[in-house]
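These are my notebook entries on one structure. I set down what I looked up, entry by entry.

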Amino acid sequence: MVEIMETFSLAEPELSLSEICQKTQLNKTTTYRLLQTLKTKGYISQDENTQKYSLGFKFFNLGSIVMNQMDLRKAAIGPMRDLSRRCDETIILFISDGRGRTCLERIDSNHVIRNFMVVGHQYPLHKGAPGKVFLMNKSPGYVKGLLESKEYSDQEIERFNKELEQGLELGYFTSIEENFTEAYSIAAPIFDHTGNISAALAVCGPTARLTEEKEDWFGTELLQTVAKISAMLGYNAVS
């Protein structure tokens, strides 16, 4: 299927079945079957008059996701570096695909002992402060279903919901040793121009360096940073 999609170009945005067969070296039956599958999924469209094929709007949607991530990283990288210098801790940017949260960017602290979450790696939504960010606007039923699927007890679900409530009041979420031993994270949401959560930004480090006083200060600095990034993405907090 990839071979078929790669036959299209700016010079040749529309192709006939025969032209696609010629470019891919696939027989007509196989090519037609693959094209029908791609049409069903929205990756290929077909002109009713010419019967020629072109790339479908599904690619526009996927391209928009990539562009949004590029815009997000471009907007976030400078403020992330500034926050890391002020906090002297590792700053991590996460995005969510609904099933988990992926580390999109990381600015390391100067400490020998620091957080080593891997860029491109996926982490769970139900563990860690950044995961709570992506659950903050979910319905109670959604959160309950997710936690039950992870075999959380009723008491653990109740405690998790209280942590969500506290985070909503403060504007940021905290976690201690939820993903890694002797590690903490403090995370807050970044909003896009539509008011939806675009990403989660987190201050991460070892628990040995986290004090109650520092937690409050980190939270304040983090909120200022995510507000700046959100504004750069077109978010208007007043509206």
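**Entry 1**

I looked up Ser230 and found a relative accessibility of 2%, so Ser230 counts as buried. By the cut-offs I used, buried means under 20% relative accessible area, exposed means over 50%, and partly exposed lies in between (1.4 Å probe, protein chains only). I note that this is a predicted model, in which local features need pLDDT of at least 70 and side-chain atom pairs count only at pLDDT 80 or more, while totals for chains, interfaces and linings use all residues. Residues are numbered from 1 along each chain as its sequence is written, and side-chain values use heavy atoms, with hydrogens and water left out.

I placed Ser230 in helix 8. Helices (H or I, at least four residues) and strands (E, at least two) are DSSP runs, numbered from the N terminus. Setting aside neighbours within four places in sequence, I found Ser230 in contact with Pro189, Ile190, Phe191 and Tyr235; contact means heavy atoms within 4.5 Å.

Six strands form an open sheet in the order 5-4-3-8-7-6, with antiparallel pairing; two strands pair if DSSP finds at least two bridges between them. Strand 5 and strand 6 (173-176) are the edge strands, each pairing on one side only. Helix 8 packs on this sheet and touches strand 6, strand 7 and strand 8 (197-206), and its direction makes about 30° with that of strand 7. For such angles, axes are lines fitted to C-alpha atoms, for helices over the stretch in contact, and angles run from 0 to 180 degrees between N-to-C directions.

I examined strand 3 next. Six of its seven residues are buried, and strand 3 is thus recorded as mostly covered. Five bridges join strand 3 to strand 8 in the antiparallel sense, and Leu93 stands opposite Leu201 in strand 8. On pairing with strand 4, I found six bridges, also antiparallel; Ile92 has Arg106 of strand 4 as its bridge partner. The hairpin of strand 3 and strand 4 has four residues between the strands, and Gly98 there takes a positive phi near 95°.

Strand 4 (residues 101-107) is joined to strand 5 by two bridges, the two strands running antiparallel. The bridge partner of Arg101 in strand 5 is Tyr123.

**Entry 1: Aromatic rings and charges**

How many aromatic pairs does the structure hold? I found five. Rings of Phe, Tyr and Trp (its six-membered ring) pair if their centres lie within 6.5 Å; planes under 30 degrees apart count as stacked, over 60 as edge-to-face and the rest as tilted.

One of these pairs is Phe94 with Tyr123, which is edge-to-face at 6.4 Å centre to centre and 90° between the planes. This pair links distant parts of the chain, with Phe94 in strand 3 (residues 90-96) and Tyr123 in strand 5 (residues 122-123), 29 residues apart. Phe94 and Tyr123 are both buried.

I also checked Tyr184 and Phe218. Their ring centres are 6.3 Å apart and their planes are at 5°, so the pair is stacked. Because Tyr184 lies in strand 7 (residues 183-191) and Phe218 in helix 8 (residues 212-232), the pair ties together parts 34 residues apart in sequence. Both Tyr184 and Phe218 are buried. Together with Trp217, Tyr184 and Phe218 form one aromatic cluster.

Which residue lies over the face of Phe94? I found Arg101 there, at 4.8 Å from the ring centre. A charge sits over a ring if NZ of Lys or CZ of Arg is within 6 Å of the ring centre and within 35 degrees of the ring normal. I noted likewise that the charged end of Lys138 sits over the ring of Tyr142, 5.0 Å from its centre.

**Entry 2: Ala187**

Ala187 is found in strand 7. I recorded Ala187 as buried, with a relative accessible area of 0%. Not counting residues up to four places away in sequence, Ala187 touches Ala129, Pro130, Val133, Tyr172, Phe173, Leu201, Ala202 and Leu222.

**Entry 3: Asp47**

Is Asp47 buried or partly exposed? At 28% relative accessibility, Asp47 counts as partly exposed. I located Asp47 in the loop between strand 1 (44-46) and strand 2 (53-55). Leaving out residues up to four places away in sequence, Asp47 touches Glu14 and Lys52.
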